[in-house]
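We'll take the features in turn, with the general idea leading into the case on screen.

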Amino acid sequence: MEEKEILYRKIDLLIETIDNYKNEPSFVIEKDRRQNKIVSDFKNDNEILKTFAYLIAYSQNANSELVEQILKSGNYDKAFENFEIEKVIKLNPCDIADDFWESIKGIRQQGKLFHIVTLARKIKKIGSFHKLLNEINIPKEIKTETDIENFWSGFNKLQKTLIEIKIPFFQSTTSLLHFLLESGYDCVKPDLVVMKVAAKLQFVDEKTGDKNFRKAVRVIQEYSLNRNIRPTIVDYYFLIDEGQLGAKKYVKEEFYKRNK
């Protein structure tokens with residue numbers, strides 16, 4: 001049996017094991033949400049700012065479950081004037097902290113408030129940022145090996161563009177992949193949780209480093225193509241397997257007790 005198929009069977013086994021511990025109906029509801037999320041063109045820059053801001057809230061090891069509660073409460077949107085760029089560019093991050101921090105402190109770092117206001121000002125300065133993103137040639141779905149090649153070609157061009165125009169926070173491979181994942185593209189965010197599983201299954205050399213991040217995502221894309229499953233679903237199983245706080249609720253407690 002070739003090395004690639006051995007790895008694929010390891011991932012198969014991980015998925016099959018988790019399926020035996022599903023918490024219904026929440027497990028299927030979240031899986032279907034991920035399955036049915038598809039790429040659509042961005043309509044305006046406010047929409048992009050909101051997406052960026054939500055991803056920033058989850059970043060830097062914030063408790064995903066707490067962040068989810070904050071976003072659902074509406075307090076985060078209220079703190080940033082519902083992400084209307086014309087209003088956000090006039091905000092002072094210190095005032096946001098004074099007025100709203102107690103209700104959104106689950107995002108973990110006040111520096112994120114500065115990042116979001118800075119992003120709004122940068123997007124405003126560029127103008128029609130949504131058109132720039134819509135014109136980047138990244139396949140909306142991965143159905144062939146060529147699509148994987150074109151994904152990474154388009155990704156590299158987009159990353160280079162964001163670096164050139166100095167868009168903060170989303171120049172990094174991990175954050176940009178998170179943005180594309182959230183937008184419905186066939187990829188995953190190679191965060192610490194996903195990288196732990198990738199290292200456990202031995203398809204990356206280390207849990208850190210840009211080279212390993214890219215390799216982990218590409219292997220998942222190739223596996224997904226081979227098994228006719230979306231990368232976002234593989235991501236879902238990896239998050240559950242490693243016990244991400246926001247994902248643990250989708251399986252029975254016995255799943256995490258089985259090897260003790």
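Keep in mind throughout that the model is predicted.

Q: How do I read an aromatic pair, and what does Phe155 do with Phe151?

A: You describe two aromatic rings by how far apart the centres are and the angle between the planes. Here's a case: Phe151, at 1% relative accessibility, counts as buried. Its ring centre lies 6.3 Å from that of Phe155, with the planes at 15°, so the pair is stacked.

Q: Where in the chain do Phe151 and Phe155 lie?

A: Start with the helix rule: an α-helix has 3.6 residues a turn, so residues three or four places apart point the same way. Phe151 and Phe155 are both in helix H10, four residues apart, or about one turn of the helix.

Q: How many aromatic pairs does the whole structure have?

A: Searching it all turns up 21 aromatic pairs. Take Phe52 and Phe170: the ring centres are 4.1 Å apart and the planes sit at 20°, so this pair is stacked. Phe52 is in helix H3, while Phe170 is in the loop between helix H10 (145-164) and helix H11 (173-182), so to speak of the pair is to link distant parts of the chain, 118 residues apart. Phe52 counts as buried at 1% relative accessibility, and Phe170 counts as buried at 1% too.

Q: Which residues form one aromatic cluster with Phe52 and Phe170?

A: That cluster also takes in Phe42, Phe129, Phe169 and Phe179.

Q: What about the largest nonpolar core: which residues touch the most other members?

A: The core has 88 residues, and Tyr76, Phe80, Phe151, Phe170, Phe203 and Phe238 touch the most other members. Helix H3 (residues 45-58) gives the most to this core, eight residues in total. If you click on Phe80 and skip its neighbours within four places in sequence, you'll find contacts with Val88, Leu91, Ile96, Leu113, Ile116 and Val117.

Q: Now for gaps. How many cavities of 30 Å³ or more does the structure hold?

A: The idea is to roll a probe the size of a water molecule over the atoms and see where empty space is left. This structure holds one cavity of 30 Å³ or more. The largest cavity has about 60 Å³ of space. Its lining is Phe42, Leu133, Ile136, Ile138, Leu158, Phe179, Leu180 and Tyr185. By class, that makes eight nonpolar residues, no polar and no charged ones.

Q: And what lines the second largest pocket?

A: This pocket has a volume of about 230 Å³. It is lined by 13 residues, and Ile142, Asp186, Asn228, Ile229 and Arg230 are the closest to its centre. Helix H13 (residues 210-227) supplies the largest share of the lining, with three residues. By class you get five nonpolar, four polar and four charged residues.

Q: Last one: why is helix H14 largely enclosed by the rest of the structure?

A: Count the buried residues: in H14 (residues 231-241), eleven of the eleven are buried, so the helix is largely enclosed. Among them are Asp235, Tyr236, Tyr237, Phe238 and Asp241. The buried residues of H14 pack against helix H1 (3-19), helix H2 (26-36), H11, helix H12 (192-200), H13 and helix H15 (254-257). Just after H14, look at Gly243, which takes a positive phi of about 75°.

Definitions and conventions. Residues are numbered from 1 along each chain as its sequence is written. This is a predicted model: local features need pLDDT of at least 70, side-chain atom pairs count only at pLDDT 80 or more; totals for chains, interfaces and linings use all residues. Side-chain values use heavy atoms; hydrogens and water are left out. A nonpolar core is a set of buried Ala, Val, Leu, Ile, Met, Phe, Trp, Tyr and Cys residues joined through side-chain atoms within 4.5 Å. Buried means under 20% relative accessible area, exposed over 50%, partly exposed in between (1.4 Å probe, protein chains only). Helices (H or I, at least four residues) and strands (E, at least two) are DSSP runs, numbered from the N terminus. Contact means heavy atoms within 4.5 Å. On a 1 Å grid over the protein atoms alone, a cavity is a set of points where a 1.4 Å probe fits but cannot get out, and a pocket is an open set with protein on both sides within 12 Å along at least five of seven lines; lining residues have an atom within 4 Å of a point. Grid points are joined across faces, edges and corners, and a volume is the space filled by probe spheres set on the points. Ala, Val, Leu, Ile, Met, Phe, Trp, Tyr, Cys and Pro count as nonpolar, Asp, Glu, Lys and Arg as charged, and the others, Gly among them, as polar. Rings of Phe, Tyr and Trp (its six-membered ring) pair if their centres lie within 6.5 Å; planes under 30 degrees apart count as stacked, over 60 as edge-to-face and the rest as tilted.
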